[in-house]
Amino acid sequence: MNSATEVTSVTFVLGILATLAQYAACALALYIAAGDGRPWLRVALWAGVLPLAALQSLAFGGKTPILLALYAVMAARHYAKRALSVPVLAAGIVVAVLVVFPTVNAFRVPTDRTLAASSSEPTVLEFASRVAAIPSLFAGMRVSEYARFAAESVLGRANGIDSLAVIMKYGDAVDLGNPAAYWQIPLYAFVPRAVWHDKPVILTGSEFARLFVTPSEEGLREYPSIGVFHVGDLYASFGGSGVLVGMCILGFLFRVVYQLFDPARSPDLGMKFVYIVLLWGIVNGFESDIPTIYGNLLKSLAIWILIKMWLNGRPAAAPDYTSSGFRASVVTAHKPRIGYATATARR
């Protein structure tokens with residue numbers, strides 16, 4: 001068994017465990033937005049789950065944990081209470097661009113002081129010292145410099161057109177495409193490696209990085225992953241016509257998913273939860289190859305459906321809390337508005 005197979009066989013389980021805080025944030029925010037007034041829900045969300053997600057981002061060196069948690073809170077309010085206003089959306093974007101991206105990116109690069117501390121202090125103490133030193137990472141930086149650093153941190157994740165251009169120019173000389181993996185997506189998702197002994201490991205991102213980004217001896221020994229993006233993967237596997245057809249199919253599927261879940265009007269909290277985390281997986285995974293992302297999404301759906309069943313089976317605690325998860329007073333004491341209240345009233 002090679003190292004890639006070993007890593008792939010455990011990353012899904014580790015990924016689910018690592019996102020439990022984000023799932024908890026989404027569930028707590030949905031209950032709060034739907035009218036559950038128990039104080040411990042807010043304490044758990046704002047003093048427990050969100051700080052834990054921030055620590056995960058720093059510990060893992062990635063922005064996904066905290067961004068997913070913040071997105072889940074905002075999306076829960078949007079779909080379970082009222083549509084978010086433009087100022088609230090703008091505030092969320094500002095926090096992501098000016099706080100999350102630069103902080104995590106700066107934290108990834110240890111300073112000379114933290115490198116010296118790492119040789120004499122335990123890992124936990126080293127991490128705590130680096131967290132405490134976050135404000136010093138930006139000491140002496142002018143506002144214009146900070147703004148440029150924040151913008152560069154964001155733009156670094158939007159290189160899809162660059163990946164496509166590289167594949168269009170040099171892709172014919174390498175075997176980067178994997179068209180057979182597309183029809184095997186359900187097999188990748190649901191057939192375990194114990195049954196499918198020679199189950200392939202999809203390494204499109206790593207191969208792309210090795211060929212065009214880190215074509216060195218060190219890169220060949222490691223498994224770097226650079227965003228090949230859906231458009232680049234489609235072009236490498238099916239050419240220019242494959243990009244057009246593939247994007248049309250994806251757009252159709254996205255519309256079907258939204259129509260099926262109907263998160264703005266459905267009174268089902270569990271359905272809203274599944275839609276929120278599924279939407280994040282689709283959008284966040286757009287920079288990867290299609291078979292990997294949608295195989296993982298299919299596997300994750302089984303976990304999300306179990307959480308949905310648990311959410312729908314929880315007893316109501318607030319006196320005005322209905323079994324469907326929404327405040328009865330919204331329907332009876334106020335004029336129904338477009339969204340869940342209207343749908344509930346019609347029922």
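Predicted model: local features only at pLDDT ≥ 70, side-chain atom pairs only at ≥ 80, totals over all residues.
User: How many helices and strands does the protein chain have?

Analyst: There are 19 helices and zero strands. Both are DSSP runs, numbered from the N terminus: helices are H or I with at least four residues, strands are E with at least two.

User: Why is Cys-26 called buried, and what is Cys-248 called?

Analyst: Buried means under 20% relative accessible area, exposed means over 50%, and partly exposed is in between (1.4 Å probe, protein chains only). Cys-26 has 0%, so Cys-26 is buried. Cys-248 has 58%, so Cys-248 is exposed. Over the chain, 39% of the 347 residues count as buried.

User: What makes Phe-138 and Phe-149 an aromatic pair, and why is the pair called tilted?

Analyst: Rings of Phe, Tyr and Trp (its six-membered ring) pair if their centres lie within 6.5 Å; planes under 30 degrees apart count as stacked, over 60 as edge-to-face and the rest as tilted. Here the centres are 6.4 Å apart and the planes are at 55°, so the two rings pair and the pair is tilted. The pair links distant parts of the chain, with Phe-138 in the loop between helix H8 (134–137) and helix H9 (143–155), and Phe-149 in helix H9, 11 residues apart. As for cover, Phe-138 is buried at 15%, whereas Phe-149 is partly exposed at 25%.

User: What about Tyr-188 and Trp-196: why is that pair tilted?

Analyst: The rings are 5.7 Å centre to centre with 35° between the planes, so they pair, and the angle falls in the tilted range. Tyr-188 is buried at 9% relative accessibility, and Trp-196 is buried at 17%. The whole structure has 12 aromatic pairs, and Tyr-79, Tyr-258, Phe-261 and Tyr-275 form one aromatic cluster.

User: How do you know that the charged end of Arg-130 sits over the ring of Phe-107?

Analyst: A charge sits over a ring if NZ of Lys or CZ of Arg is within 6 Å of the ring centre and within 35 degrees of the ring normal. The charged end of Arg-130 is 4.3 Å from the centre of the Phe-107 ring, and it is listed as sitting over that ring.

User: What makes a set of residues a nonpolar core, and which residues have the most contacts inside the largest one?

Analyst: A nonpolar core is a set of buried Ala, Val, Leu, Ile, Met, Phe, Trp, Tyr and Cys residues joined through side-chain atoms within 4.5 Å. The largest has 56 residues, and those with the most contacts inside it are Leu-30, Leu-45, Phe-273, Tyr-294 and Trp-304. Elements giving two or more residues to this core include helix H2 (20–33), helix H3 (39–60) and helix H17 (290–313). H2 gives the largest share, 11 residues. A second, separate core of five residues includes Leu-58, Ala-106, Phe-107 and Phe-138.

User: Which residues does Tyr-294 touch?

Analyst: Contact means heavy atoms within 4.5 Å. Not counting residues up to four places away in sequence, Tyr-294 touches Ile-185, His-230, Leu-250, Phe-254 and Ile-282.

User: Why is Phe-229 called buried, and what is Asp-262 called?

Analyst: Phe-229 has 9% relative accessibility, so Phe-229 counts as buried. Phe-229 lies in helix H15, with a positive phi near 65°. Asp-262 has 21%, so Asp-262 is partly exposed. Asp-262 sits in the loop between H15 and H16, and its phi is also positive, about 45°, although it is not a glycine.

Methods
Residues numbered from 1 in each chain as written. Heavy atoms only, no water.
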